[in-house]
Structure formats: structure tokens, C-alpha cells
Amino acid sequence: MNKISATFILNHRQVTAKVALGMVALDYIRNLQKLTGSKQACRTGDCGACSVLLGRHEKGKLIYHAVNSCLLPMAAVHGCHLVTIEGLNTAELNPIQQAVLDNGGVQCGFCSPGFVVAMTAYFLNAQTANLDEFVDAVAGNLCRCSGYMGIKRALRQLLQQYPLNNSENRLQDLIERQILPDYFVAIAPRLAEIPILKTPSNHDAIMVAGGTDLFVQRPQLLAASQLKLLESNQEITLTQQQCRITASTTLETLKNSPLLQSLFPQFKKEMEMIATTPIRQRATVGGNLANASPIADMAIFFLALAAQLELRSLNGETRSVRLQDFFQTYKQIDLQAGEQIAALSFSCPPQPILFSFEKVSKRQYSDIASVNSALFLELEQETIKTAHLSAGGVAAIPLYLAKTCAYLQGKAISNEVVKQAVNIAQTEISPISDQRGSAEYKRLLLRQLIIAHFLKLLPDLLNAEDLL
Ligand SMILES: Cc1cc2nc3c(=O)[nH]c(=O)nc-3n(C[C@H](O)[C@H](O)[C@H](O)COP(=O)(O)OP(=O)(O)OC[C@H]3O[C@@H](n4cnc5c(N)ncnc54)[C@H](O)[C@@H]3O)c2cc1C
Ligand code: FES
Ligand code: FES
């Protein structure tokens with residue numbers, strides 16, 4: 001049985017959809033509900049034309065996020081408020097739509113519904129008015145004709161009109177400002193009446209977390225398969241210097257975590273280089289690791305923190321495995337049938353942590369890495385007590401550079417030591433040439449990234465000119 005009977009509120013109407021578990025919301029909205037405002041273009045999460053708002057109760061509060069409906073399985077929509085552009089329309093253009101129009105941000109209009117949805121999500125969630133964050137909120141939306149300047153002017157005008165300060169009840173404020181239609185006010189109690197849906201668990205079911213990888217890779221197979229939607233239980237905790245992150249934590253939750261931002265000062269900026277806001281809203285840490293892409297950013301980040309994984313079998317037994325042992329060969333991981341990643345943890349040494357993450361991609365934002373790398377160092381005076389170095393895009397798996405780390409241990413920091421570490425790292429990697437660069441180029445990138453880590457972390461102990 002791969003069908004679901006999902007009950008949810010679609011714009012202002014409660015509906016029950018009897019559809020395949022793996023049907024994506026975009027197909028349901030456009031083909032079955034004939035709501036054609038959400039556009040279909042890439043179907044890979046890259047363009048944002050299909051953006052919708054997904055509202056659901058999180059820790060007792062109704063929270064809305066913009067997500068890509070082309071990667072959103074109907075199984076994930078049960079009990080939620082699904083809002084398409086039609087659900088934001090009122091008799092007149094709403095202030096967001098008007099600002100886009102007035103500022104020349106619309107030409108053919110194909111991208112406009114997606115932009116308006118993403119902008120509305122920003123207004124629903126932003127703490128303070130900030131143009132950079134507003135731009136980041138629409139970074140997952142592409143426009144191919146009007147150009148981005150008109151859209152940026154609209155963002156700037158909207159922030160001036162609605163500064164977002166002192167907003168105690170954001171939903172109510174946005175209704176009063178006519179950014180949201182009135183019916184939003186009654187959604188929370190209506191959602192609370194929808195019973196929780198229990199899907200039978202099946203050993204052979206394909207596990208789906210955010211679906212942002214699966215629905216790009218295998219959409220047809222998923223539409224016809226039994227799926228197991230993993231429960232969302234997002235927790236980031238620090239106990240006795242152990243930081244623990246549950247696998248279902250999304251990359252956007254990670255990015256906004258005050259704890260992680262305090263441990264890693266560059267964290268928010270680094271996370272902005274990973275995918276786009278709507279993808280990060282759904283993409284989970286567990287999915288990033290289990291996916292085992294050789295360039296998975298979270299894998300590279302947490303390998304350099306010597307993270308441990310907590311794995312849980314179907315009958316609830318748990319075991320622990322080092323992340324560096326989890327990746328075996330290309331896309332092969334140490335995970336038994338039915339077993340899932342429950343959490344990852346790493347020990348936090350006393351502050352300040354010396355940690356650097358670097359990523360090079362063809363585009364700085366909204367792109368996967370050509371090569372990525374992270375370095376953690378613990379020093380005793382000027383001698384390296386512990387080093388953990390990882391690299392992606394240079395082998396069949398996300399790589400922990402064990403020999404380089406062993407070499408660095410106990411060494412006094414010097415240019416010669418860094419140069420030798422770079423040489424040893426070159427013996428540990430086996431990049432291949434592909435569309436993201438030649439093997440030779442990737443070797444060069446890793447060399448530069450390792451040097452960049454050291455210069456970033458220890459600028460006073462090294463001579464940059466000599467190293468570069
Ligand atoms: C437009 C776009 C941009 C992207 N950019 C980046 C990027 O910059 N950097 C990057 O690293 N990735 C990127 N990705 C890839 C993807 O979003 C991430 O890898 C994401 O973290 C996957 O998580 P998910 O929850 O969506 O996984 P899913 O698609 O749900 O699952 C992926 C795999 O993991 C398995 N799985 C999921 N959770 C668990 C678990 N808890 N235990 C065991 N198995 C599990 C699933 O069965 C499946 O095999 C991008 C994807 C898209 C579409
Ligand atoms: S159709 Fe392009 S992101 Fe969904
Ligand atoms: S206005 Fe045509 S794609 Fe944006």
C-alpha cells in the first residue's frame with residue numbers, strides 16, 4: 001500500500017487527498033486541484049517557481065516556511081496548511097505583489113508567484129528588517145527576464161513600509177497590513193482538529209526525511225514506492241561539553257541555532273553557502289549524511305569535529321559509529337536494513353574553538369561544492385594537540401584525512417609543517433575529472449583550502465606570502 005489519505009488545509013479549504021505517498025505536492029496542486037499559479041520548471045529545487053508556504057505546528061506554534069512543492073511529498077502535507085499563490089491573493093494586489101509590480105520586478109510573470117511566496121515567508125519569520133536576510137530568503141528563486149534589480153528595489157521598499165519591529169503577533173500584523181488574507185486567523189485551531197496519521201512501518205519502505213535529495217534523484221520510483229516518512233524531532237543540545245544534534249534537524253534550524261553560532265562564529269555565513277532557504281527548510285542533517293555524497297557539506301563539517309553517529313534499528317537497538325567509519329565506498333554506508341541515523345554528537349573543547357570550513361563551487365551561493373574542506377585544531381601554546389581535517393570532492397566518499405591529521409599531531413606550527421601537511425593530504429586523495437573540474441584542479445583547490453584554513457585560524461604564526 002503506497003497510498004495515503006492526507007488531510008490538510010489547502011489555502012482556505014480543508015481537503016483530503018487520496019494519492020500516492022510519494023506524489024509531490026506540485027503535481028497535486030496543479031494537476032488535481034487545477035491551481036496553476038505555482039509553476040513547474042526545473043523540478044529539482046533549483047528555481048523556486050513552484051514555491052508554496054507550508055504551515056504546521058512546531059512546538060505548539062504555527063510556523064510557516066516557503067518550500068519547493070516539486071520536492072514535497074504529499075505524505076508530508078498531512079495536518080499542515082498548504083498555501084499556494086492563490087491562497088495569498090485578495091481582491092486587489094496585496095502589498096507584496098504591488099511592490100513587485102511598481103518596482104519593475106515582473107515581466108513575463110513566470111517566476112513572480114514563487115517570489116511573492118518567498119517574500120511572504122520572510123515577513124512571517126524575520127525577527128528584524130534586514131535587506132541581506134530578505135535577499136537570502138529569495139535566493140532560491142530565479143528570474144530569467146525582468147532582472148533582479150527591480151525585485152531588489154521591491155524588497156527595499158517593503159522593508160521601509162513594514163519595518164517588522166515590535167511585532168508580538170506577526171500573523172495578526174500581516175493580516176492587518178493585508179499581506180495575508182483574513183482566513184489565516186482561523187487556521188491554527190482548524191489544524192489542531194486534524195487527527196494525527198499513523199502510517200504502518202514496513203522494513204522495505206524507503207526512508208524519507210526532507211526529500212530534497214531523494215525527489216531530485218528518483219521521483220518516479222518514489223511515486224510508486226512504499227515510503228517511511230521520518231518523524232521530525234529537531235533538537236540541538238549541549239550537555240557536559242557534548243553537543244548532540246538529532247538527525248531530523250533541518251539545515252535552516254542548524255543555521256539559526258544560537259548554540260552553534262556561539263560555538264562557530266562564522267557558522268551562519270557558512271550555512272548560507274549551503275543550498276537555498278527553501279531547501280534548507282526541508283533538508284536534514286541525517287539526510288545529508290545518509291545520502292553520502294562525496295561533497296555533502298554537513299559530512300565535511302562534522303568529520304572535522306570527529307563526530308559520532310547514533311544509529312537506531314527498527315526494534316529500537318542503538319549503536320554508535322564514528323562518522324569517519326560510516327562512509328565506506330561510493331554511496332555505501334555502515335547502515336543495516338531498516339536502521340536509521342538518530343543523532344550525531346561531537347565534543348566541544350573549551351572556547352575559542354579553532355575551526356574553519358571552506359567551500360569552493362562554481363557559484364558562491366546556491367551551488368554544491370567542487371571541493372570543500374574543514375579543519376579543527378586544538379593547540380597547546382604553539383603546538384598542535386589535536387587536528388581533524390576533512391575534504392570533499394576529492395575521493396569517492398567524504399574523506400577524513402587520517403594521515404595528515406596524524407602528521408600534524410604534536411607539531412609546532414610553522415610554514416614548513418603546513419606545507420608538509422598539504423603534501424601528505426595530496427597522497428590521501430584520488431579526485432576524478434567531472435563537470436565540476438578536472439582532477440588536477442581539485443588537487444589545487446584542496447591545497448589552497450588547507451592553506452586557507454591555517455591562515456584563517458593562525459594568521460600571526462604563519463607567513464602568508466611564503467605559503468601562497
Ligand atoms: C537545489 C538543491 C541544492 C542543494 N545544495 C546542497 C549543498 O549546497 N550542499 C549539500 O551538502 N547538499 C545540497 N543539496 C542536497 C540535499 O539537500 C542535502 O543532502 C540534504 O541534507 C538531504 O537531506 P534530506 O533530509 O532532504 O534527505 P532525503 O532526500 O530525505 O534523504 C536522502 C537519503 O538519506 C536517507 N535518510 C534520510 N534521513 C535518514 C536518517 N535519519 N537515517 C538514515 N537514512 C536517512 C534517505 O533514505 C535517502 O537515501 C541540495 C539539494 C538541492 C535540491
Ligand atoms: S520547479 Fe524549480 S524549484 Fe520546483
Ligand atoms: S519575470 Fe519572467 S522569469 Fe521572472
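1. The structure is a predicted model, in which local features need pLDDT of at least 70 and side-chain atom pairs count only at pLDDT 80 or more, while totals for chains, interfaces and linings use all residues. Residues are numbered from 1 along each chain as its sequence is written, and chains are lettered from A and ligands numbered from 1 in the order in which they are written.

2. The chain is divided into domain 1 (3–192) and domain 2 (236–467), with bounds that come from an automatic or database domain assignment. The centres of these domains, taken over C-alpha atoms, are separated by 33 Å.

3. Where the domains meet, twelve residues of domain 1 are in contact with nine residues of domain 2, contact meaning that the C-beta atoms of two residues, placed from the backbone, lie within 7 Å. On the side of domain 1 that touches domain 2, β4 gives the most, with four residues.

4. Ligand 1 has 33 residues around it, of which Ala209, Gly210, Gly286, Gly287 and Asn288 come nearest; a residue is counted as near if its C-beta atom, placed from the backbone, lies within 6 Å. The shell draws at least three residues from each of domain 1 and domain 2.

5. The largest share of the shell around ligand 1, five residues, comes from α14, and among the other elements that each supply at least two residues are β6 (206–208) and β12 (340–347). Helices (H or I, at least four residues) and strands (E, at least two) are DSSP runs, numbered from the N terminus.
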